[in-house]
Amino acid sequence: MSLDKVKGGQMPIYATKESVFGRILEDASIVAFETEEEARAYLLEGYDPRDWDLSTAQFSYGHFGDCWIKLIDTPEKTPWIFEPFTLDQLIISGPGQHPGHGYWIEPYPRILVLESIEERD
């Protein structure tokens, strides 16, 4: 789902479930939402309130290790790989601009993640 702008011209909220202690995993699936409440609800899907204390959920904006996606070919050849983002929403580091090979890509927009949640006793 690609949302350039949502109601009232606001930018979408992005979230991913694929993170560990705030670090977003490489090739993580990132989803766009109209509101932060929708994004938080998405991040809590699968946490049964009988087993998890949802009131303790801590959210933050995640960070990347090396990058989000690594490519051999130029990113312009495969723009669908970056959905829900457009090419102008990406930081693209080409060969010689990072310690690895190919292209390293990460999005400019912040990505909401579930940092922690407490299990019930």
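Me: What is the order of the strands in the open sheet of 3 strands?
Reply: The order is β7-β9-β8, with antiparallel pairing. Strands here are DSSP runs of E, at least two residues long, numbered from the N terminus. Two strands pair if DSSP finds at least two bridges between them.

Me: Why do β7 and β8 stand at the edges?
Reply: β7 (69-71) and β8 (90-93) each have a single partner strand, so one side of each is left without a neighbour in the sheet. Neighbouring strands of this sheet are turned by 20° against each other on average, direction ignored. The axes behind that angle are lines fitted to C-alpha atoms.

Me: What kind of model is this, and how are its residues numbered?
Reply: This is a predicted model, where local features need pLDDT of at least 70 and side-chain atom pairs count only at pLDDT 80 or more, while totals for chains, interfaces and linings use all residues. Residues are numbered from 1 along each chain as its sequence is written, and side-chain values use heavy atoms, with hydrogens and water left out.

Me: What makes β7 and strand β9 (residues 103-107) a pair?
Reply: The rule asks for at least two bridges. β7 and β9 have 3 bridges, in the antiparallel sense. So they pair. In one of these places, Ile69 has Ile105 in β9 as its bridge partner.

Me: How do you know that strand β1 (residues 13-15) pairs with strand β10 (residues 111-119)?
Reply: 2 bridges join them, and they run parallel. At least two are needed. Ala15 stands opposite Leu112 in β10.

Me: Which sense of pairing joins β5 and β10, parallel or antiparallel?
Reply: Antiparallel, over 6 bridges. Phe59 has Leu114 in β10 as its bridge partner.

Me: Why is Thr56 called buried?
Reply: Buried means under 20% relative accessible area, exposed means over 50%, and partly exposed lies in between (1.4 Å probe, protein chains only). Thr56 has 15% relative accessibility, so it counts as buried. Thr56 is in strand β5 (residues 52-61).

Me: What does the side chain of Thr56 reach?
Reply: It reaches the backbone nitrogen of Glu118 at 2.9 Å. Contact means heavy atoms within 4.5 Å. Leaving aside neighbours within four places in sequence, Thr56 is in contact with Ser116, Ile117 and Glu118.

Me: Why does Ser19 count as buried?
Reply: Its relative accessibility is 17%, so Ser19 is buried. Ser19 lies in strand β2 (residues 19-20). Not counting residues up to four places away in sequence, Ser19 touches Ile24, Leu25, Val113 and Leu114.

Me: How many aromatic pairs are there?
Reply: The count comes to 4. Rings of Phe, Tyr and Trp (its six-membered ring) pair if their centres lie within 6.5 Å; planes under 30 degrees apart count as stacked, over 60 as edge-to-face and the rest as tilted.

Me: Why is the pair of Tyr14 and Phe85 called tilted?
Reply: The centres are 4.5 Å apart and the planes stand at 40°, so the pair is tilted. Tyr14 is in strand β1 and Phe85 in the loop between β7 and β8, 71 residues apart. Both are buried.

Me: What makes Phe33 and Tyr42 a tilted pair?
Reply: Their ring centres are 5.1 Å apart and their planes are at 45°, so the pair is tilted. Phe33 is buried, at 11% relative accessible area. Tyr42 is buried too, at 16%.

Me: How do you know that the charged end of Lys17 sits over the ring of Tyr42?
Reply: The rule wants NZ of Lys or CZ of Arg within 6 Å of the ring centre and within 35 degrees of the ring normal. The charged end of Lys17 is 4.4 Å from the centre.

Terms used. Helices (H or I, at least four residues) and strands (E, at least two) are DSSP runs, numbered from the N terminus. A polar contact is a pair of N or O atoms within 3.5 Å; within protein, one must be able to donate a hydrogen and the other to accept it, and residues adjacent in sequence count only if both atoms are side-chain atoms. Axes are lines fitted to C-alpha atoms, for helices over the stretch in contact, and angles run from 0 to 180 degrees between N-to-C directions.
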